[in-house]
Amino acid sequence: MIRRVFLEGQGCALGLLYPEDAEWLTPWVNDEPTTRFMFTGLECVHQDEVSRQIAQWHRPQAYAFAILATDGFIPVGYVG
């Protein structure tokens, strides 16, 4: 997947999240230790729900971003 990058530094970049990212994002959203200080993770969600939520974030613009390693723009996290 070719990602649109908004901000790029030496080791990481911020790019758009896409509905397909739900595959790697869903386990994080459902991981209680990862999300204990966040609103996400309060209830277990299915990958399809995460995908639909990401699709909605693109209206009017994305409110969450993928954190990407600049070497290959591989997702390593998310913010937003």
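## Strands side by side

In strand 3, A69 is the bridge partner of C12. That bridge belongs to the pairing of strand 2 with strand 3, which is antiparallel and runs over 5 bridges. Strands here are DSSP runs of E with at least two residues, helices are runs of H or I with at least four, and both are numbered from the N terminus. Two strands count as paired if DSSP finds at least two bridges between them.

Strand 2 (residues 12-16) is also joined to strand 1 by 3 bridges, again antiparallel. The two form a hairpin with 3 residues between them, and V5 stands opposite G15 in strand 2.

## About the model

This is a predicted model, in which local features need pLDDT of at least 70 and side-chain atom pairs count only at pLDDT 80 or more, while totals for chains, interfaces and linings use all residues. Residues are numbered from 1 along each chain as its sequence is written, and side-chain values use heavy atoms, leaving out hydrogens and water.

## One face of helix 1

Let's turn to helix 1 (residues 22-29), where A22, L25, T26 and V29 are buried (under 20% relative accessible area, with a 1.4 Å probe and protein chains only; exposed is over 50%, partly exposed in between). Seen down the helix axis, these buried residues fall within an arc of 110 degrees, so they line one face of helix 1. The arc is taken from the directions that lead from the helix axis to the C-beta atoms.

What do the buried residues of helix 1 pack against? Their partners are helix 2 (32-35), helix 3 (47-57) and strand 4 (74-79), with contact meaning heavy atoms within 4.5 Å.

## Two aromatic pairs

Rings of Phe, Tyr and Trp (its six-membered ring) pair if their centres lie within 6.5 Å; planes under 30 degrees apart are stacked, over 60 edge-to-face, and the rest tilted. By this rule there are 2 aromatic pairs. The rings of F6 and F65 have centres 5.2 Å apart and planes at 85 degrees, so this pair is edge-to-face. The pair links distant parts of the chain, since F6 is in strand 1 (residues 5-8) and F65 in strand 3 (residues 65-69), 59 residues apart. F6 is partly exposed at 40%, and F65 is partly exposed at 21%.

W24 and W28 form an edge-to-face pair too, with 5.1 Å centre to centre and 75 degrees between the planes. They are separated by about one helical turn because they are 4 residues apart in helix 1.

## After strand 4

G80 lies in the segment after strand 4 and counts as exposed, at 80% relative accessibility. G80 and F65 are 15 residues apart in sequence, and their C-alpha atoms are 6.2 Å apart in space.
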